[in-house]
Amino acid sequence: MQFEVTAGTGATILRLKGERLDAHNSDALKTRIKEIFDGGAKTVLVNLGEVRFIDSSGLGALVSGFKNAVFHKGRLALSSLQEQVRSMFDLTRLNRVFDIYVSEEEALSALSGK
Amino acid sequence: MGKKVLQLDIKIPNQTRYLELVGRIGEDLAREFGEEGGGADDLAQQLNVVLTEAMANAIRHAHEGDPDKTIHISISLSAEELWIRVFDHGPGFDFDSACAHEPEKLEEHGRGIYIIRSLMDTVVYRRTREYNVLEMWKKLS
């Protein structure tokens, strides 16, 4: 799994470049999110648009990222979830924890306060 | 269990790199034997998740991440029922505490068995002298 990090308006955008987020690559995501917050970012948007499959380890990496955000008094938001991925958030009730946006554009608009 | 349509036995190294392969086998199986339409797609996704979670659980908790060990997965399919068994030969894990996951608590770990139990009808973990086995059943009709 590759990650693409870019500075957007009002948020640092982390795009996952791969279809599958599971116990094989979730630690890499966890580390990458931590690095971004440790580097001074306050708001991080994770774009999951390419991800077709997520397991409990992938969800755990995002929960870790959420905790990083709280620790740094920042925010972590998610966007562009495919239906199968969304169903895993619903199943584990993590849909109540994360700010989830339909698209990256909608997320950036909301996060930048426009 | 009714007349078997298929029995699939997989022996696979105790490594997370093979999770995708095992998940994909589950998806293909559901598409091959599932009813056409939305039902087969849902079952394919669920089987991918269940097999991935069960194997990851065995790697992390039962085999303690030893890459030289092997995990044995057995899938039996009939028209009425899907029966999956994941065998490990390690010290095993505490199934009861794995079942005690509370979604309201924002923990990083501990959702695997919760997810499996949500998607399958019956889930048990048995420990014998020779092996441990996570058994999962799902009614298909």
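Chain B has a secondary structure of 4 helices and 5 strands. Before I go on, a caveat: this is a predicted model.

Along the sequence, the elements of chain B run β-α-α-β-β-α-α-β-β. The radius of gyration is 15 Å, close to the 14 Å from the globule rule for 141 residues, so chain B is as compact as a globular protein of that length. The C-alpha trace of chain B spans about 40 × 35 × 30 Å along its principal axes. Of the 141 residues in chain B, 36% are buried. As for contacts in chain B between residues at least 6 apart in sequence, 65% of them link residues at least 24 apart.

Now the sheet. In what order do the 5 strands of chain B lie in the open sheet? The order is S1-S2-S3-S5-S4, and the pairing is antiparallel. Strand S1, residues 4-13, and strand S4, residues 122-127, are the edge strands of chain B, each pairing on one side only. From one strand to the next, the twist averages 15°.

Two of the pairings in detail. S1(B) pairs with strand S2 of chain B, residues 70-78, in the antiparallel sense, over 9 bridges. One position to look at on screen is B:Asp9, whose bridge partner in S2(B) is B:Ser74. Is S1(B) well covered or hardly covered? Hardly covered: of its 10 residues, the count of buried ones is 0.

Further into the strand order, strand S3 of chain B, residues 81-88, pairs with strand S5 of chain B, residues 132-139. This pairing is also antiparallel, over 8 bridges. Here the position to look at is B:Leu82, which has B:Lys138 as its bridge partner in S5(B).

Last, the contact between the chains. How many residues does each chain give to it? Chain A gives 17 residues and chain B gives 19 residues. On the side of chain A that touches chain B, the elements giving two or more residues are helix H2, residues 56-71, and helix H3, residues 83-91. H2(A) supplies the largest share of that side, 6 residues. Sorted by class, the side of chain A that touches chain B has 6 nonpolar, 7 polar and 4 charged residues.

That is what I have for today.

Note on methods:
Residues are numbered from 1 along each chain as its sequence is written. Chains are lettered from A and ligands numbered from 1 in the order in which they are written. This is a predicted model: local features need pLDDT of at least 70, side-chain atom pairs count only at pLDDT 80 or more; totals for chains, interfaces and linings use all residues. Two strands pair if DSSP finds at least two bridges between them. Axes are lines fitted to C-alpha atoms, for helices over the stretch in contact, and angles run from 0 to 180 degrees between N-to-C directions. Two residues are in contact if their C-beta atoms, placed from the backbone, lie within 7 Å. Ala, Val, Leu, Ile, Met, Phe, Trp, Tyr, Cys and Pro count as nonpolar, Asp, Glu, Lys and Arg as charged, and the others, Gly among them, as polar. A residue is buried if 20 or more other C-beta atoms lie within 10 Å of its own, exposed if 12 or fewer, and partly exposed in between; C-beta atoms are placed from the backbone. The radius of gyration is taken over C-alpha atoms; the globule rule is 2.2 Å times the number of residues to the power 0.38.
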